[in-house]
Amino acid sequence: MHEPKFGVAGETAIVTGASQGIGESIAKTLAAGGANVAICSRSMDRVGPVAEEINESDTDGEALAVECNVRERDQVQNLVDETVDEFGDIDVLVNNAGGEFVAPFEEISENGWQTIVDLNLNSTVHCTQLAGEVMREGSGGVIVNLSSVNGQHAAPGESHYGASKAAIIRLTETLAVEWAEHDIRVNCVAPGLVQTPGVAETLGIDSEDMPPRENAERRIGHPEEIADVVQFLVSPAASFMNGETVTAKGVPRAGNSMSQDLGLE
Ligand SMILES: CCCCCCCCC/C=C/C(=O)SCCNC(=O)CCNC(=O)[C@H](O)C(C)(C)COP(=O)(O)OP(=O)(O)OC[C@H]1O[C@@H](n2cnc3c(N)ncnc32)[C@H](O)[C@@H]1OP(=O)(O)O
Ligand SMILES: NC(=O)C1=CN([C@@H]2O[C@H](COP(=O)(O)OP(=O)(O)OC[C@H]3O[C@@H](n4cnc5c(N)ncnc54)[C@H](OP(=O)(O)O)[C@@H]3O)[C@@H](O)[C@H]2O)C=CC1
């Protein structure tokens with residue numbers, strides 16, 4: 001009989017941007033599956049309680065919280081070092097931290113553009129190079145990057161975000177080829193609109209005022225629905241997947257579904 005291989009027990013995973021939203025859900029899902037998770041955000045006050053919640057639950061996996069701004073390469077090096085000190089190795093990296101503001105291209109300042117490219121793309125480069133070094137020197141590993149449907153299709157007001165998220169897809173494909181010889185798989189998830197505190201902040205509304213999630217025509221995702229895809233890609237069940245971008249957007253419309261999900265189109 002073929003045994004299912006969807007588990008992550010005993011793995012050590014870094015999840016960036018795990019104080020809320022999709023990253024928090026990924027960390028809790030992997031820990032529930034028995035992985036040890038090193039989680040970060042810019043604020044220990046925000047990421048610490050997530051680690052405490054995991055450690056106080058009956059999951060097999062343990063959590064380590066590290067304050068780390070992923071835009072700062074020296075802080076990422078510290079995250080990697082603390083993870084290895086605590087858990088001995090790094091098997092999994094989930095590049096989740098990211099964000100944006102919505103603005104027309106002509107209104108984005110040089111610093112505004114730089115901020116979003118740093119936050120989404122350059123942070124992924126820092127984490128992947130520094131954690132990847134540990135994986136290459138060890139027994140390989142798995143990397144999952146968070147792109148977006150806005151990295152796959154045009155969306156007004158998202159030029160900086162879309163460009164950085166599209167670049168993440170091509171980086172994923174390139175590294176999958178370059179690092180196959182090191183036994184490192186690199187895949188990507190492209191979510192459609194997911195109900196998180198960050199999206200509510202971006203839209204300037206309260207989380208409770210997000211459009212309904214269960215409307216079949218304008219389906220908005222739950223963070224757990226992205227976390228489960230990440231867990232699959234991390235697990236040995238996805239051993240023949242490398243360089244892929246898995247889209248998870250609820251309703252298979254062409255193009256960018258986010259503004260449709262919001263009822264704007
Ligand atoms: C159609 C359907 C759509 C639907 C869209 C719905 C969202 C769908 C997709 C969601 C994707 C997500 O990633 S959801 C997660 C998103 N969550 C978040 O992003 C929440 C956290 N946000 C943030 O931290 C900030 O917004 C962010 C800019 C990213 C980082 O903040 P920082 O403090 O590092 O940066 P700041 O110092 O504030 O700003 C840096 C520069 O950016 C400029 N800047 C900041 N906000 C700006 C704005 N709204 N418009 C112009 N410019 C702006 C500032 O003026 C600065 O430039 P100068 O003035 O020149 O110095
Ligand atoms: N929600 C959605 O609809 C979609 C989201 N995505 C992508 O999924 C990922 C998660 O999104 P979502 O959960 O909505 O985001 P949220 O804004 O809700 O959460 C972002 C997380 O990242 C952390 N973070 C932000 N900046 C930094 C930084 N510089 N260094 C370290 N941590 C940081 C935040 O923690 P803190 O503030 O404590 O630092 C927080 O934990 C992002 O990459 C996003 O682009 C893609 C498509 C759709």
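Helices (H or I, at least four residues) and strands (E, at least two) are DSSP runs, numbered from the N terminus. This is a predicted model: local features need pLDDT of at least 70, side-chain atom pairs count only at pLDDT 80 or more, and totals for chains, interfaces and linings use all residues. Residues are numbered from 1 along each chain as its sequence is written, while chains are lettered from A and ligands numbered from 1 in the order in which they are written.

**View 1. The shell around ligand 1.** This shell holds 26 residues (a residue is near a molecule if its C-beta atom, placed from the backbone, lies within 6 Å of it). The closest are G99, F101, S109, G112 and G198. Helices α4 (110-137), α6 (197-203) and α8 (258-261) each give two or more residues. Helix α6 gives the largest share, five residues. By class, the shell has 13 nonpolar, 10 polar and three charged residues. Ala, Val, Leu, Ile, Met, Phe, Trp, Tyr, Cys and Pro count as nonpolar, Asp, Glu, Lys and Arg as charged, and the others, Gly among them, as polar.

**View 2**

**View 3. Strand β2 and its two faces.** Strand β2 spans residues 36-41, and six of its six residues are buried (20 or more other C-beta atoms within 10 Å of their own, with C-beta atoms placed from the backbone). In a regular strand the side chains alternate between the two faces of the sheet. N36, A38 and C40 point one way from β2, and V37, I39 and S41 point the other way.

**View 4. The neighbours of β2.** Strand β1 (residues 12-16) pairs with β2 in the parallel sense, over five bridges (two strands pair if DSSP finds at least two bridges between them). T16 has C40 in β2 as its bridge partner. From β1 the chain crosses through helix α1 (residues 21-32) to β2, in a right-handed β-α-β crossover. Right-handed means that, with the strands pointing away from the viewer, the path from the first strand over the helix to the second runs clockwise. Strand β3 (residues 63-67) also runs parallel to β2, joined by five bridges. S41 has E67 in β3 as its bridge partner. β2, helix α2 (residues 44-56) and β3 form a right-handed β-α-β unit.

**View 5. L171 in helix α5.** Helix α5 covers residues 159-178 and includes L171. L171 counts as partly exposed because it has 19 C-beta neighbours inside 10 Å, between the buried limit of 20 or more and the exposed limit of 12 or fewer. The C-alpha atoms of L171 and L121 are separated by 9.2 Å, and the two residues lie 50 residues apart along the chain.
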